[in-house]
Amino acid sequence: MSTPHSLFNTLQTFDLGNGKQGRLYSLPALEAAGVGPISRLPVSVRLVLESVLRNCDGLKVQESNVRELANWKPTEARTAEIPFVVARIVLQDFTGVPLLVDLAAMRTAVAKLGKNPKIIEPLVPVDLVVDHSVQVDFAGAADSMARNLELEFSRNRERYQFLKWGMQAFDTFKVVPPGIGIVHQVNLEYLAKGVLSSGDGVYYPDTLVGTDSHTTMINGIGIVGWGVGGIEAEAGMLGQPVYFLTPDVVGVHLTGALREGVTATDLALTVTQLLRKTKVVGKFVEFFGPGAAALPVVDRATIANMAPEYGATMGFFPIDAECVNYLRATGRSEAHCALYENYYKAQGLWGIPEAGQIDYSQVVELDLATVKPSVAGPKRPQDRIELPNLRREFFNAVQRPVTESGFGKTRQAFGQKVAVQTAAGKKATLGTGSVVIAAITSCTNTSNPSVMLAAGLLAKKAVEKGLKVNPAVKASLAPGSRVVTDYLKKTGLTPYLNKLRFNTVGYGCTTCIGNSGPLDPAIEDAVVKNDLVTASVLSGNRNFEARVHQNVKSNFLMSPPLVVAFALAGRVDIDLSCEPLGTGKDGQPVYLADVWPTLQEVRDAMQSALKPEVFRKLYKDFAAQNPKWNEIPSSVGNVYEWDVKSTYIQEPPFFTNFSLQPGTIAPITGARALGIFGDSVTTDHISPAGAIKKSSPAGRFLQENGVEFADFNSYGSRRGNDRIMTRGTFANVRIKNLMLGGEEGGNTFGPDGAKTSIYDASIAFQQQGVPLVVLAGHEYGTGSSRDWAAKGTNLLGVKAVVAQSFERIHRSNLVGMGVLPLQFAEGTNAQTLKLDGTETYDIVGLDASLRPQQDLTLRATRKDGTVENIPVRCRIDTPIEIEYYQHGGILPYVLRQLVAKA
């Protein structure tokens with residue numbers, strides 16, 4: 001182990017709280033040395049600065065990096081590149097399995113070169129939580145969870161065997177098995193320590209990146225962390241810093257307090273809408289002021305969780321007494337809590353800042369007393385609707401054109417009624433606005449005892465009044481950890497939730513990630529045959545088209561108690577402020593106000609929620625608590641033995657014919673458009689996570705390889721197989737290719753001008769040696785941090801994506817896969833330029849002298865021979881990304897470095 005440096009005499013001692021001394025890289029000492037005005041910096045920037053200072057080795061991290069960040073200015077051109085070395089990495093299984101596949105493929109490539117495959121080894125702790133695989137196949141019964149778990153292990157046995165191989169092959173790779181919880185809640189309640197230490201006695205802040213965009217949930221407890229693509233996480237594991245441009249930091253000044261009847265979810269949806277309008281994409285957001293200080297950590301975590309929805313890199317809350325109270329309440333030791341408090345006080349990082357203490361790039365004001373009960377939808381998380389306005393807003397959305405994010409129906413759709421009889425023999429009536437899925441799900445809300453207990457209390461009051469959930473509704477409860485089950489039982493609320501069919505279906509992401517499972521066959525048949533605009537209501541963070549369920553067109557995010565309320569009402573075309581939920585056993589109408597729990601009732605129930613001993617008991621010895629996991633066998637060895645017949649795990653083609661020489665940067669000529677898309681194309685549109693359609697290219701491939709439709713599983717579970725994922729790229733049933741006039745589905749025109757699937761067209765173009773481009777509008781790649789949205793784009797032969805704006809993670813992922821991101825000039829897009837996909841395209845100005853954010857030219861040659869030179873900006877943003885692009889992506893770059901050293 002190398003000896004710690006003491007640049008600027010910053011290696012200092014501090015009191016550990018047990019009479020002993022520890023060492024730290026002191027930020028106050030750095031300021032005292034005259035390096036910069038550090039105490040005026042945003043807290044989030046100071047925590048990154050500590051990492052830059054501590055890891056300054058004169059190679060990957062230079063003294064100049066320390067000086068640049070220490071002198072961060074609130075407003076200036078952002079050109080400085082920060083090399084950020086994180087302390088640990090967290091994964092979930094949908095992104096973690098393909099990441100492990102890549103690592104295994106790198107080891108195979110190294111072995112073929114005659115080198116030691118163990119040079120591919122994570123240098124920081126890596127924790128993978130299996131939470132994305134459980135599906136809601138069974139719901140509404142006492143044995144739902146057991147049956148879903150049984151099916152999960154049956155479907156995913158091969159994937160889990162592969163994870164077990166990874167556990168024995170890589171020294172720092174650990175797995176939290178299925179049935180424990182959701183990665184971000186497990187991170188908050190168990191994995192996060194707040195302060196870590198190295199073997200040489202130096203203490204430092206807990207920092208991380210995760211392969212899930214909602215990694216930002218950890219910002220609620222003052223830990224710097226955000227979501228990255230799997231390819232960037234792999235580079236981070238293998239010793240590569242996470243590089244990013246010095247950020248703008250938007251301060252959100254919170255004042256006041258939430259009113260009676262308003263939940264943390266309402267606040268998170270309000271913040272999401274507010275900050276989307278503020279345009280915080282790629283920026284740090286830091287909350288401060290008396291309103292922030294008064295929020296408990298669980299409320300902060302709910303807001304921080306939704307940072308991807310408002311577009312920020314982080315939604316950060318600084319460190320204070322609330323943080324240490326939370327650590328203590330969730331079972332961290334008293335000695336560790338004392339260390340945590342002493343460390344941050346010694347660093348001058350203790351306490352939520354007040355107005356005027358910090359220099360922010362911009363300050364946004366929010367009075368918590370102005371927040372009102374809300375939902376968001378029907379297609380985007382930032383489209384907040386105050387509860388009394390939902391009926392009118394839904395009415396308008398149904399009639400808006402599809403091209404304007406509506407459903408293209410007429411008013412007559414509201415009179416459409418279809419009678420059905422469910423498999424259980426229950427009679428139900430379906431129509432426009434009928435709720436068919438009601439899911440209490442997602443780490444966003446299930447980590448927050450206040451809203452979970454509110455849901456239970458509302459269920460109790462509803463049952464006591466004789467209300468029942470509409471028979472058409474598939475209701476489910478999927479907590480983010482087993483602690484939720486414990487406190488719902490202790491408060492006596494579980495029987496009431498069960499009575500309303502909100503039985504626990506599993507511990508995982510379920511409906512929020514698209515694992516909502518099948519609807520009742522009669523209900524799904526009626527929805528499809530009559531093209532009904534039905535609804536899901538969920539306590540999740542994402543409601544993009546076709547994400548929750550392919551045939552449920554409108555999806556609304558809301559608090560857990562409102563999920564129960566809408567399940568009772570059975571429809572979303574309702575004003576719950578004045579219309580009844582239903583009729584009670586006394587024959588009288590029951591309104592939302594009659595069953596909504598008071599703040600005092602929630603607080604009384606909260607006394608049972610956070611008990612340290614419960615957390616300690618439930619977060620130990622996972623293997624003993626999950627016998628099914630123990631039954632999964634593991635292969636052994638440092639190099640994985642690929643099975644060519646597997647439909648789950650295949651060696652990816654990224655390192656085929658791997659050479660130690662990087663490529664060259666050269667113009668792209670003679671390209672054709674694979675697709676032209678509008679605004680807000682999400683990573684769900686580009687690379688779906690949910691069900692695989694039988695007639696899709698991926699579905700046909702599975703059938704050709706002997707897989708029955710019942711065993712298709714989901715796209716997310718098949719991410720270890722590039723053959724399926726490439727076929728699934730742009731295969732979302734709701735994606736609209738403007739080359740086909742906005743027709744839904746993953747189709748385009750092939751080289752012969754005939755309509756075909758995007759996959760088949762790409763293969764035909766590639767066989768002719770024709771490069772491809774994709775054109776798009778604003779917010780391209782918004783949503784999940786799934787690297788397959790970039791990997792699939794690469795494997796389809798797409799060389800460049802030209803958009804009006806990019807979401808942060810997806811832009812980075814495209815570069816990481818060697819795909820060129822280009823940005824149209826302000827006010828320009830394919831529509832204003834009248835581009836229809838029949839053109840051929842050249843990208844002019846690409847050569848070895850390429851610079852970050854250089855202006856280039858997209859030359860479009862129309863069918864009639866006329867040429868249009870379109871100015872575009874290269875969105876390769878940093879010098880290191882230029883190198884990644886030249887090497888064909890981040891993984892070949894890292895692999896070449898490691899092999900060269902071996």
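User: How many cavities of 30 Å³ or more does the count come to?

Analyst: The count comes to six cavities of that size, 30 Å³ or more. This is a predicted model, and the values are computed from it.

User: What is the volume of the largest cavity?

Analyst: The largest cavity holds about 190 Å³ of space. Its lining consists of 24 residues, and those closest to the centre are H132, D212, H214, I513 and R547.

User: Which helices each supply at least two residues of that lining?

Analyst: Helix 4 (93-112) and helix 6 (183-191) each contribute at least two residues to the lining of the largest cavity.

User: And how does the lining of the largest cavity divide into nonpolar, polar and charged residues?

Analyst: The lining of the largest cavity has 11 polar residues, seven nonpolar and six charged.

User: Next, the second largest cavity. How much space lies in it?

Analyst: The second largest cavity contains about 100 Å³ of space. Residues S213, T216, G227, P308, G311, A312, T313, G783, E807, R808 and I809 form its lining.

User: What is the make-up of the lining of the second largest cavity by class?

Analyst: By class, six residues of this lining are polar, three are nonpolar and two are charged. E807, one of the lining residues, also belongs to a network of salt bridges.

User: Which residues are linked in that network of salt bridges?

Analyst: The network links R276, R380, D383, E779 and E807 through salt bridges.

User: How many salt bridges does the count come to?

Analyst: The count comes to 49 salt bridges.

User: What is the N to O distance in the salt bridge of E651 and K112?

Analyst: The side chains of E651 and K112 meet with an N to O distance of 3.9 Å. E651 lies in the loop between helix 24 (627-630) and strand 26 (668-676), whereas K112 lies in helix 4, so the pair ties together parts that are 539 residues apart in sequence.

User: Is K112 buried or exposed?

Analyst: K112 counts as exposed, at 65% relative accessibility.

User: What about R571, with which residue does its side chain meet in a salt bridge?

Analyst: R571 meets E579, at 3.0 Å from N to O. R571 is partly exposed, its relative accessible area being 27%. E579 has a relative accessible area of 14% and is therefore buried, the cut-off for that class being under 20%.

User: Where in the chain do E743 and K755 lie?

Analyst: These two residues form a salt bridge whose closest N and O atoms are 3.0 Å apart. E743 is in strand 28 (residues 743-744) and K755 in strand 30 (residues 755-757), 12 residues apart. E743 is partly exposed at 28% relative accessible area, and K755 is partly exposed at 49%.

User: Changing topic, what volume does the second largest pocket have?

Analyst: The volume of the second largest pocket is about 1,200 Å³. It is lined by 43 residues, and R54, N55, V85, L123 and V124 lie nearest its centre.

User: Which element gives the most to the lining of the second largest pocket?

Analyst: Helix 32 gives the most, with four residues. The elements supplying two or more residues are strand 8 (202-205) and helix 32 (890-901). By class, the lining of this pocket has 23 nonpolar, 11 polar and nine charged residues.

Conventions:
Residues numbered from 1 in each chain as written. Predicted model: local features only at pLDDT ≥ 70, side-chain atom pairs only at ≥ 80, totals over all residues. Heavy atoms only, no water. 1 Å grid on protein atoms, 1.4 Å probe; cavity = no way out; pocket = protein on both sides within 12 Å on 5 of 7 lines; lining within 4 Å. Points joined across faces, edges and corners; volume = space filled by probe spheres on them. Nonpolar A, V, L, I, M, F, W, Y, C, P; charged D, E, K, R; others polar. Salt bridge = Lys/Arg side-chain N within 4 Å of Asp/Glu carboxyl O. Buried < 20%, exposed > 50% of the residue type's maximum accessible area, 1.4 Å probe, protein only.
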